[in-house]
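Student: I have not looked at this one before. Can you walk me through it?
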Amino acid sequence: MQYKAVIKKTEQGERLSSEEALLLADYTNIEVLTNVAAAIRDREHADNVTYSPKVFIPLTKLCRDVCHYCTFAETPKKNERTYLTAEQVLEIANAGKQAGCNEALFTLGDKPGLRYQSAREELNKLGHSTTLSYLEEMAKLVIDETGLLPHLNPGVMSRHDLLSLRKVSVSQGLMLESLSMRLCEKGGPHYGSPDKHPVTRLGSIAAAGGARVPFTSGILIGIGETRRERIESLLALRELHEADDHIQEIIIQNFRRKPGTKMHNAPEPDLNDLVWTIAIARLIFGARMNIQAPPNLMPDAMSQLINAGINDWGGVSPITPDHVNPEAAWPQLNKLSEATEMTGKHLVARLPIYPDYVNSLDKWIDPELHKQVLNKVDAEGYARTDNWYAGSDHAVPKQMTANNVVPAYKSNISQLIDKACSGKTLAEKDIVKLFNARERDFNYVCRAANELRSEVNGDAVTYVVNRNINYTNICYFGCRFCAFSKGHVNEHLREPGYNLSLSEIQKLVRSAWSKGATEVCLQGGIHPEYTGETYLSITRAVKQAQPQIHVHAFSPLEITHGADTLGISIRDYLLELKKTGLSSLPGTAAEILDDEIRSIICPDKLNTEQWLNVIKTAHEIGLSTTATIMFGHVDTPVHWARHLLRIRKLQQETGGFTEFVPLPYVHMSAPLSRKGRARPGPTFRETLLMHAVARLVFHTHIDNIQASWVKLGKEGVKACLDAGVNDLGGTLMYESISRSAGAVHGQEFSKVELCQLILDCNRTPQQRTTLYGQIESDYMGLTERCVH
């Protein structure tokens, strides 16, 4: 009965006391333990099983300890170097970089200089007094020259050591191995190894918490400890973690006997013993902790290890061996992925620092390393797995396939999609799940969105012939993502400030009309000399130049600025603009409709409530607007979900949104990125999902999902047309905002080019008005021009 009570407590998400955990030392029902452990794991980690693509750098194999199971440690050899040179370190690191690794794992023996004269002499020639000092130099070299992120395993460290190495690494580690003092006694595997004393190792692990170092630890099973001692070791690690929240993963490593060691005839733990220990670790640490088991040490039982409660495989190297267990080759990634998929999970690459710590960089990582980390992660904090960037000419990665669109069997993606397709509102957590879709789930979401698009819009792909007129790039606001505006807050930007006169604006309008434009889109910076009368004058000037052209103009920020400077309400100001000829508003300046993010990227801009109020007021007086999202910087899927839900709620109230336009963040010249404070835009997977998930979330409320060719390029647009998109926006004729941020996709997309792209995707081009009225006379002639 005691066992049942303890198991039930863990099922309910409660923390086990030490006494309760120790009761499980004699519990042997593997099926119950693993079922409960897997269920606990799934609460936090869902369908993801992670690994870190790494390269293994054995800086030195000298060690003062003499563990009875170890073949890593070696003694000095005559006429051979005892430390890798800088050139050797870089050769290994560069090979890892070329192979797609993110992690440089430095593993080395503990304090070899205290035992070997040759180590001291070689360190002296290298200009160092200690091994850790040389390690610090080599880790910095790897970061600077290759961009790989070091994870350091140098043995026992003091607080001073940890702080010094924190400057050149994103994580460090030290296995506890065992709390058992028996193992340090004569005849035990740790006899003669002073650095394996449990109190010494616990002190180092505790010091890592005080130094705010993301840390790896764990236990080695099968070296003579009892199951009760394993639990005691895990409880000691839990106590340290609960004090500082710094242990990011717990490794359960099974002993492998090796020829040439004192333990070459020792029995190895069997699979049941390993599975039991993994499950116990999950019960002790709960859902959030990352529990890891090396896949190369039990290669025929990877599915069982997942089912026991792990959510991570650790570092896996495509090019270097496991120098600690050289007899056990790393599994090929395709085999690792297949084994993971067999359990209904997805294999997901990560950095040596886990997402929870990525999302708290200020606390856990030295500021000098923030940019290197952010450049390598996606919105969830996992490793960025493609080299595509919004606005760049990098090749579009192949994402969607014609086959394999069935969701993972443990996923509830299909139920969420069915709910969305019925027009029901999805919960925030459900939308986040859609944004987090990977592999089969990703394909399923995109395919479902495309089928829904076909049902709602047919095969037509619409576009509007328009011209962008950005009348000034002078702005006194300090949006940290904007490379377009010029002012005292923006330095080192590409172009000088300008301010178009009314006659210049009119000239551009007449030119646009003569080229077939039906719309002009007018936006600009918030010039300190502009007032509400300025925007009224611009609108009048446009209508004087061409009375029939549609004026799509002024973001909610410009509307607010205009109203405030005239001392009138938003409603009254919008009515004045409407009288002068304003026909609709661009729903820009939305960025992310969540004030947590707005306080970082645009702290002096409208807050979420203010933006929504301007748009709602516009809708109420008969002015339609678009809706946008600018994503892929410091935001996460949670923020995206909130944004979509706020847009959906307002659309349910007003019906005034004509389309939804995802705008992936273009990072190249953006101040936020130049200062190393943002990710380099969304990944391509995230970009496709933004369009696809929007189609699903907005179903029955917003029918038109638009892709921005300026941000995505032609190939990116084609992919989006298979992910729920039915509109390509405007030909623009002159686009400068994205270009200022570093986009390379040009300033104009002609009707002929746009039409040809649509036809290449086996879709039907359809010119439209701003408000989605068809322009019938255009279709046949334009198609003929494209075909011929």
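Tutor: A term to begin with: helices (H or I, at least four residues) and strands (E, at least two) are DSSP runs, numbered from the N terminus. E439 is found in one of these helices, α18, which covers residues 439–457. The model is a predicted one, where local features need pLDDT of at least 70, side-chain atom pairs count only at pLDDT 80 or more, and totals for chains, interfaces and linings use all residues. Residues are numbered from 1 along each chain as its sequence is written, and side-chain values use heavy atoms, with hydrogens and water left out.

Student: How many helices and strands are in the chain?
Tutor: The chain has 31 helices and 18 strands. The chain is as compact as a globular protein of its length, because its radius of gyration is 30 Å, close to the 28 Å that the globule rule gives for 788 residues. That radius is taken over C-alpha atoms, and the rule is 2.2 Å times the number of residues to the power 0.38. Along the principal axes, the C-alpha atoms fill a box of roughly 95 × 60 × 55 Å.

Student: What share of the residues count as buried?
Tutor: Of the 788 residues, 62% do. Buried means under 20% relative accessible area, exposed over 50%, and partly exposed in between (1.4 Å probe, protein chains only).

Student: Back to E439. What is its phi?
Tutor: E439 has a positive phi of about 50°, although it is not a glycine. Most residues other than glycine have a negative phi. E439 counts as partly exposed because its relative accessibility is 43%.

Student: And T700, where is that found?
Tutor: T700 lies in the loop between α27 (684–697) and α28 (709–720). T700 is not a glycine and has a positive phi of about 75°. With a relative accessible area of 46%, T700 is partly exposed.

Student: New topic: H323. Is that buried or exposed?
Tutor: H323 counts as buried, because its relative accessibility is 17%. H323 is placed in the loop between β8 (312–316) and α12 (333–341).

Student: Which residues is H323 in contact with?
Tutor: Leaving aside neighbours within four places in sequence, H323 contacts F56, P58, K61 and F72. Contact means heavy atoms within 4.5 Å. The side chains of H323 and K61 are also joined by a polar contact of 3.5 Å. A polar contact is a pair of N or O atoms within 3.5 Å; within protein, one must be able to donate a hydrogen and the other to accept it, and residues adjacent in sequence count only if both atoms are side-chain atoms.

Student: Now helix packing. At what angle do α16 and α17 cross?
Tutor: The axes of α16 (residues 413–421) and α17 (residues 428–435) cross at roughly 120° and come within 10 Å. Axes are lines fitted to C-alpha atoms, for helices over the stretch in contact, and angles run from 0 to 180 degrees between N-to-C directions.

Student: Which residues meet there?
Tutor: I413, L416 and I417 in α16 meet D430, K433 and L434 in α17. By class, this contact has four nonpolar, no polar and two charged residues. Ala, Val, Leu, Ile, Met, Phe, Trp, Tyr, Cys and Pro count as nonpolar, Asp, Glu, Lys and Arg as charged, and the others, Gly among them, as polar.

Student: Last one: how far apart are E451 and T539?
Tutor: Their C-alpha atoms are separated by 40 Å, and the two residues are 88 apart along the chain. E451 is in helix α18 and is exposed, with a relative accessible area of 52%.
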